[in-house]
Amino acid sequence: MEILENFSLKKYNTFGIEAKAKQFVAVHSPEELQEVLATHPNEKKFILGGGSNMLLTQDVDALVIHIDLKGKKIIDANDNFVWVEAQAGENWHEFVLWTIEQDFGGLENMSLIPGNVGTTPVQNIGAYGTEIKDTFVSCQAMHIATQEIKNFTNADCHFGYRESIFKNEVKGQFVITSVIFKLTKRNHHINISYGDITGELAKKGITQPTLKDVSNAVIAIRQSKLPDPKELGNSGSFFKNPILPKADFESIHKKFPEMRFFEVSPTEVKVPAGWLIEQAGFKGKRFGDAGIHKNQALVLVNYGNATGQEIVAVSKNIQETIFNTFGIHIEAEVNII
C-alpha cells in the first residue's frame, strides 16, 4: 500500500469534479483496511467507494481511503433461495448482471445504478419498485476507531426511504466491507408494475419476461433518460422524491390538480421530484457548465468544468423555486462534501 499526497479525485467521482485529496490510499482487503486505520489513528479519514453519490465542493483535507475490496461467492443455498456475499468494492451493476447470469432473482430492477456494493445499504438504494432492504440479509462493517468487525442485520440497519443507520445513528463510524443478499433460485417475483417497464417489454413483444428481460428493460429505460457518467458528469438522481402527509398533499393537490403522486401508505403520499422540477421550468437548463439534464429533470450534470459549488448553487435555486411554487421542500439525495 502506498499513501499518495495531493491526489486528484477527478476520476474517483462520477460528477468528474476536480478536487484534491490531502492523502490517498486504496485498500484491497479487510486486513489492509485494518492496517491503514490502525496506523493512522489521529488523522481525519474520508471513506471513498464508487464515488457515485457525492458532490465534491472542495479539496478533501483528510486521508482518503478508497475501498477496493473485490470478490463474490455463494455462501448458502436451498431449493428456493441462495445467499450471496459480495465484497464492498464490487461494481454494483456488474454484480447485478452476475446474479442474473446465475438465474438468481431479486436485484434485476436495480440494474445500471452507479456505484459499488458497499455503499448500497447506506442509501438503501432502489429503483422500479424494489429497494436493497428487500433482499439484504446483513453486512459486515469495520469500526473506524477500534477496527472491530460488526455484523449488521436487516433490522439493525433501520432502513427507510434512502435512509439507513449508516446515514444517521452510526454515520462516519463504520466502513462496510461486504454485504450478503438472499435471492430467489426459482419462482422469481417478476416486478414490472413500476415505471415504464411494462411498456418497454411490450415494445419487444415480451409477455412472459425473464429476469434478463426485466434487467434489459430497466437498462434501456435508464439509458434513455440518464446520461452515462463517463460521458457527462452526474450522480444519477440528485434529489429524493418528497413524501408528504396525506392531509398536506391534499391541500397542495387542490391548487395543482395535475400533480402526479403515489400513495406509499394510508397516511403518506410520494410526489415525483422530477415532475416538480420539470414543471418549474428547469429541465434542460444550463448555468455555465452546470445544469439539469435534458431527458431527466432529477439529474444535475457537469458539462465539463463545473465546480461543486456551481452545482450546489443550481440545486439550491431548484429547491427554493420548488418551495416557493408548490410549498414542497425537496432534499438532496447526493452527499455534498
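Modeller: A residue is called buried when its relative accessible area is under 20%. This is a predicted model, and in it Glu 333 has a relative accessibility of 12%, so Glu 333 counts as buried. Glu 333 sits in the loop between helix 8 (308–326) and strand 20 (335–336), and, leaving aside its neighbours within four places in sequence, it is in contact with Asn 53, Gln 123, Arg 162, Lys 167, Ser 237, Phe 238, Phe 239 and Lys 240.

Turning to Arg 162, we find it in the loop between strand 11 (149–153) and strand 12 (174–184), and it is buried because its relative accessible area is 10%. Not counting residues up to four places away in sequence, Arg 162 touches Glu 333 and also, among others, Gln 123, Gly 126, Glu 131 and Lys 240. With Gly 126 there is a polar approach as well, for the backbone oxygen of Gly 126 lies 3.0 Å from a polar atom of the Arg 162 side chain.

Glu 131, another residue that Arg 162 touches, belongs to strand 9 (residues 130–131). Its relative accessibility is 17%, so Glu 131 counts as buried, and its contacts beyond four places in sequence include Met 110, Gly 126 and Tyr 161 as well as Arg 162.

How values were computed. Residues are numbered from 1 along each chain as its sequence is written. This is a predicted model: local features need pLDDT of at least 70, side-chain atom pairs count only at pLDDT 80 or more; totals for chains, interfaces and linings use all residues. Side-chain values use heavy atoms; hydrogens and water are left out. Helices (H or I, at least four residues) and strands (E, at least two) are DSSP runs, numbered from the N terminus. Buried means under 20% relative accessible area, exposed over 50%, partly exposed in between (1.4 Å probe, protein chains only). Contact means heavy atoms within 4.5 Å. A polar contact is a pair of N or O atoms within 3.5 Å; within protein, one must be able to donate a hydrogen and the other to accept it, and residues adjacent in sequence count only if both atoms are side-chain atoms.
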